[in-house]
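Here are my notes on this entry. Please read them with the model open.

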Amino acid sequence: MPEILVQLFGLATIASAIRAFVPLYLATLGGVFNERSGIVNIGIDGMMIFGTWFGAWGALQWGPVAGLLTAVAAGVAVAAIHGMATITFRVDHIVSGVAINILAIGMPRFLSIVAYGQGTQSPQVPSLPKIDLPGLGEQSIMVPVTVLLGFGAWFVLTRTIFGLRLRSAGENPRAAESLGVRVRGQRWAGVLISGGFAGLAGGYLSIELVGLYREGMNQGRGFIALAALILGNWSPIGAAFACLLFAWTEALTVFLRVDWINNAFIQSLPYIVTLVVLALFFRRVRPPKAVGQAYEAGSPV
Amino acid sequence: MATEATEVTGDGPSEARRRSPAIECRGVTRRYAGVVANDQIDLEVAEGEIHALVGENGAGKSTLMKMLYGLEQPDEGEILVRGEPQVIDSPRKAIELRIGMVHQHFMLVDAFTVAENIVLGAEPDKGGGRLDLEEAERRVGELARGFGTPLDPHARVEDIGVGQQQRVEILKLLYRGADILILDEPTAVLVPQEVEELFDNMRQLKADGKTIIFIAHSLDEVLQVADRITVLRDGKVIDTVAAADTDTHQVAEMMVGRPVLLRRVEGKATPGGPMLQVKDVRVTAGGKEVLAGLDLDVRRSEIYGLAGVEGNGQAELVEALVGLTIPETGRVYLDDDELTRADVRTRRQAGLAYIPEDRHARGMVLQMLVSENSVLGVQERAPFSRRGLLDLKAIRRRAVELIRGFRVKAPSVTAPAYALSGGNQQKLVLGREFASKPKLLIAAHPTRGLDIGATQFVWQELVEARDEGVAVLLISSNLEEILALADRVGVIYDGRIVAQVRGSEATMSELGLYMTGARGGDEEPAA
Ligand SMILES: Nc1ncnc2c1ncn2[C@@H]1O[C@H](COP(=O)(O)OP(=O)(O)OP(=O)(O)O)[C@@H](O)[C@H]1O
Ligand SMILES: [Mg+2]
């Protein structure tokens, strides 16, 4: 097989893509929930960062499973700030999200200094036992868990009463409210679930993928997740395909080496592909109608 | 039960009092900053009657209904439901009390199916919180069958017509077991046939023992279906009368405080050369040819009335004229300019004005101020802006002019547009478009939601604009309006103009035949 094909589609590339897929897809699933409920969450990246830090910290204290749960809890807690700002105080969603991302720049460093005596890194943390996927080498047990969560999210959104109400809050909150749906409650649920997913995604990065917390390890994955959300047309199934694409380009940054292409270009592939794909598909997707709009019960608009 | 209810209400309020009324308002008052929307309202709606609420735009009808549905709270007074005083502080509470409301502007989730919209908030459970969609669709199908023409539970709400959307709204209430139904201007968006159907449905609901309160501006419609009528003026109840004992003149006089009559407006029409020319325009949407080589011309100083049953290409024609869609073939000329592919702004600068059929989707930005809405679309022209900067004073001045000139009832020019009543929002849009001094005015359902006085006023304005040389393309499902105004009438059917007659020679029955496709098609359009 020609070298270039091996680089593009070899098992090593695919295995690496699967590893990259997990955090991206988890974060995107979270995004599906908050956006479908009507809340924009560009703070996903920040929530992931908190997940990476608290995941590693929890794993150090109590082991990897508890670490992942700590990461989830951290994500939910940060999401609660976002919910408070956007739902309770009706702050602009973008502003609140940016604030959370800024918080995620400073806070973990401070926490690291307190916990580890230095600002940028944690000690090695314990990981979960790996599973052996045929042909794809050792993978985290989180890989099948993520696939299950994807199905779960799809089921909840499309097949449950909760999902219908959550989507109604994002499409037409006034109509929903007029039928007795508690729009604020639905939006709270959307935001908190989103935080949980983002936290879990971060926890996977530090506990499972790298084995420690390192500053900047998230590399803007939360923003790529936002792109995957759009490309996946706000559906858990669509998001899976979008995330596979982005994860694959991320794997290429490691495995693709072509003489006549500058390596810096290859390194920035995930971001370039994100931009191009968004530019091409943005007009074909359909966002929830009322996403990003503040809602007050009984308000006339 | 049904006939009994009719008899009770037929005999007037004193008889109805024997049973507790379905709804009773005592001294209900609701104030907004600067306005008393409802002032000491006493209203009694008997069980099992159809009770109409009429009044001018801004009289306070919607406000009163919103209080019954828990969307607004009274500042003073009390509301009794079936004889019990109740605090209706949310729609949820209203639903508990089996009160349901169809709003003046529909509240539907466009992306959801008919069934999903109907069951939302009260969904059948398969166990464990799983949505039982089959059960939902079955129940919706069942409800819909006993209620007029069939309705596909799987269809997306955005893909069905307004008439059907309204039935979805009503089914939403019935699904929840509501037996007091509030309909805010249900007929405004319907074509005459659909109005008939709605009224049949209302009568059937009444026969099933439901109580219906509805708001309408057409007094003929009100008298046709209502048992009793309550007239509101400036937030106060003027009187409640039995429909059998009154007529349109009397009700209109109570509404306005002086006699009014809707009549054909005469002007001196001397149509000139062609202003708008549409040649062989084709548009396909969803694989279907919605405009099938349409030809049309409107002359200077002419009102061209386009009649037709909704969904025969009117909406697409307007979009092609305004620049919201570009036709696949054909040409559009305004005066001497070809505008087939021009954008909206170019067209507006070339002298086109547009009164859209849905004021919320296209006519205005509800969150923006009345003053800002008064110059929307002309904001880049002098005197409203100079060198890219808005002149707020000039904008406010224009808003004040519009409010005066078009008798818009607004708390102030710095109020948000949503603080205006539905009809007053419409008047603001009308005023703005008239004021832009157009060469061609496209008026889609211009009097939808307006009271009689305002309708008469707008008719007058349309005629005056015509007499000043404006070409007017009037699209209306209201044949009365077309016959009252049009110098020439064209009937659109299946994406083509199938008949053209002089306004003075047109008759309802003839137009009706063309509109339903019973006549016409391929013979040359005359006139
Ligand atoms: N949110 C609000 N803020 C301020 N004023 C309001 C608000 N809502 C309604 N109003 C005012 O209350 C009055 C009554 O409005 P309402 O909508 O009840 O009228 P309406 O009788 O339904 O009229 P229409 O026939 O035009 O729909 C109007 O003067 C309107 O400007
Ligand atoms: Mg109203």
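How many residues surround ligand 1, and which are the closest?

1. The shell. Ligand 1 is surrounded by 22 residues, counted when a heavy atom lies within 4 Å of it. The closest are B:Ser62, B:Thr63, B:Ala419, B:Ser421 and B:Gly423.

2. Basis. This is a predicted model: local features need pLDDT of at least 70, side-chain atom pairs count only at pLDDT 80 or more, and totals for chains, interfaces and linings use all residues. Residues are numbered from 1 along each chain as its sequence is written, chains are lettered from A and ligands numbered from 1 in the order written, and side-chain values use heavy atoms, without hydrogens and water.

3. Polar contacts (here, N or O atoms within 3.5 Å). Oxygen atoms of ligand 1 lie 2.5 Å from a side-chain N or O atom of B:Thr63, 2.7 Å from one of B:Ser421 and 3.1 Å from one of B:His217.

4. Cover. On its own, ligand 1 has 640 Å² of accessible area (Shrake-Rupley, 1.4 Å probe); the protein covers 92% of that.

5. Where the shell comes from. In chain B, strand 2 (35–45), helix 3 (61–68) and helix 16 (422–435) each give two or more residues. Helices here are DSSP runs (H or I) of at least four residues, and strands (E) of at least two.

6. Placement. Why does ligand 1 lie between domain 1 (1–98 + 179–258) and domain 3 (274–515) of chain B? Because both domains give residues to its shell. The domain bounds come from an automatic or database assignment.

Note on methods
Polar contact = N/O pair within 3.5 Å; in protein donor to acceptor, adjacent residues only side chain to side chain.
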